[in-house]
Each structure stands twice: as structure tokens, then as C-alpha cells.
Amino acid sequence: MDKYTLLPEQLLYEGTLTESQFFTAAPLTEEAILRTHTAAYWSKLRDGSLSAKEARAIGFPMRPELIARGRVIAQGTLDCARYAFRDGVALNIAGGTHHAFADWGEGFCVFNDIAIAANELLATGEIERALIIDLDVHQGNGTASIFAHEPRVFTFSMHGARNYPTRKERSDLDIGLPDGTGDEVYLETLSNHLYGLLDGLRPDIVFYLSGVDVLESDKLGRLSLSLRGCMERDRLVLHACHERALPVAISMGGGYSERLAIIIEAHANTYRVASSLYD
Ligand SMILES: [Zn+2]
């Protein structure tokens, strides 16, 4: 949890961002929650009546503050999309909670921020098509399930084949990578798919989940990317979107390296790349 305060501090300290570039999100409305999550699930969250089993699947004890926090984070991703329409790119310091399904949460995810943002923008007519590029080391199973029958949202997940979740959902495009993949093969595989997707789909918005649990230092990841490789990954995605003038909303996603400094460095790199491209 410390990364959510340390990351903005670092970005301000080093001058990658200034205070005026930050925004604070309001809590997401119930209406927006219900475009993605079921009324049954939302009422259990709101009333604190999840069963012990349901709470265990999420992975932390459910408190009202956590629900409130989740609502702000999800609104943050929606706000990012709207800032991205204006500025080209915007980043949520948190988010990327892609293991949340329409009617349950798991893997530390309560609300699916990207799904919520995409559904809201579709409902308001702000977009007609979205592409989700999920490069967290874990498959975006909740996102894949939520959009399984939604042709206007294309879900692309590139992840560790042997990572959580054991039972994968079907995204529109899944690339499951073997353990120890490493920079070279990873970046080559990504570029083999990325450009075709962007050019073929011409989405109105790209949601990019930039989890840094792909690092070799990660306790949960298995893909063995270096810090440099992880940064090149971000550059590849952002450069391709920038070149095509496609707005990008970024959610940070996971990062579980032993040393917090490495997690901060990898997330900060995403901001540094964005800042260098979009200045
Ligand atoms: Zn992850």
C-alpha cells in the first residue's frame, strides 16, 4: 500500500510531474457501479454483508473504507479516460483491479475500474469502441468475463501462463507466456500483436494496465523482465498510441518486488515515458 504515497512523492521530487498535473477523483456514482457490477454484489459491498467466503476470495477484510477507496480509484480511471481525450494520456496512481467480476471480487480486486470506465463511456456515447491492453503478469480474468459478450470492447491480455488465475477466462486475445520469458521475447511478442490491434480496431480509447509484476524481482510474477525491459514495454505501447493519436488511460496494476524501491522505480518509469512522449 505504501507505493500509492511514495510514487507521487517521487514523481514530484524528481520533477517528472508538478502539483498542477495531479487531480483527485470523487467517489464513483452508484449508477456507474451498476453498469458493470450486479445489484446483488453491490448491495453486499454497500451493506457489508459479503459472506466470509466471498471476502476471503477478495483477500482482505472488508471495511467501509476499502469500498470507499475502491469507488474513488474507479472514478479515477474514468476521469483519466476523459483527461486522455483532452491531453492524449492520463494515469491513475492506482487501479488495474482486473480480477473483479460483475458479481464477485477476487485477487485483491473489489471493483473493476477499467470495465467500469469503459462501460460508462459507452453508455454516455463518449466512445463507440475501446481496447484494453492488459500487461499485468496476471490474466485480466474479471475484465475478460465482463466483456465476453460486448463486441465494442476488445480485451487483450498478455500474462504469465502459469500465473494466477489457474482457471483463465477467455479474452478476445490471450497470450500466455512461459516462465522466465525475458525482455527480448516479451517485447517481440508484444510488438507482433500491438500494431495490428491498434490499426485494425481503431479504438476511441485505449486502457492500458501497466502492472510491474512482470519484473524478475517480483515475488508473484514469473516473466523475468528487467527494469529496462519493463520500461521499454511502456514505451512500445505509449509510442504506438501516441503515433496514432489514440487516447490512453493507464491504470498501474500490480507490483510485488521484495524491494519497494524497485516497484516505485518501475511505476515511475511509466510516468517518465508518458511525460517524455506527451510534453
Ligand atoms: Zn498482477
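Student: Which strands does helix H9 lie across, and at what angle does H9 run to E5?

Tutor: This is a predicted model, and in it helix H9 covers residues 227-243. Helix H9 lies across E1, E2, E5 and E6, and the angle at which H9 runs to E5 is about 175°.

Student: In what order do the six strands form the open sheet?

Tutor: The sheet is open, and the pairing within it is parallel. From one strand to the next the twist averages 10°. Read across the sheet, the order of the six strands is E1-E6-E5-E2-E3-E4.

Student: Why is one side of E1 and one side of E4 left without a neighbour in the sheet?

Tutor: E1 and strand E4, which spans 173-177, stand at the edges of the sheet. One side of each is left without a neighbour there because each has a single partner strand.

Student: Which residue of E6 is the bridge partner of Asn-92?

Tutor: Strand E1 (residues 89-92) pairs in the parallel sense with strand E6 (residues 248-251), over four bridges. Asn-92 points the same way from E1 as Ala-90, while Val-89 and Leu-91 point the other way, and all are buried. In E6, the bridge partner of Asn-92 is Ser-251.

Notes:
Residues are numbered from 1 along each chain as its sequence is written. This is a predicted model: local features need pLDDT of at least 70, side-chain atom pairs count only at pLDDT 80 or more; totals for chains, interfaces and linings use all residues. Side-chain values use heavy atoms; hydrogens and water are left out. Buried means under 20% relative accessible area, exposed over 50%, partly exposed in between (1.4 Å probe, protein chains only). Helices (H or I, at least four residues) and strands (E, at least two) are DSSP runs, numbered from the N terminus. Two strands pair if DSSP finds at least two bridges between them. Axes are lines fitted to C-alpha atoms, for helices over the stretch in contact, and angles run from 0 to 180 degrees between N-to-C directions. Contact means heavy atoms within 4.5 Å.
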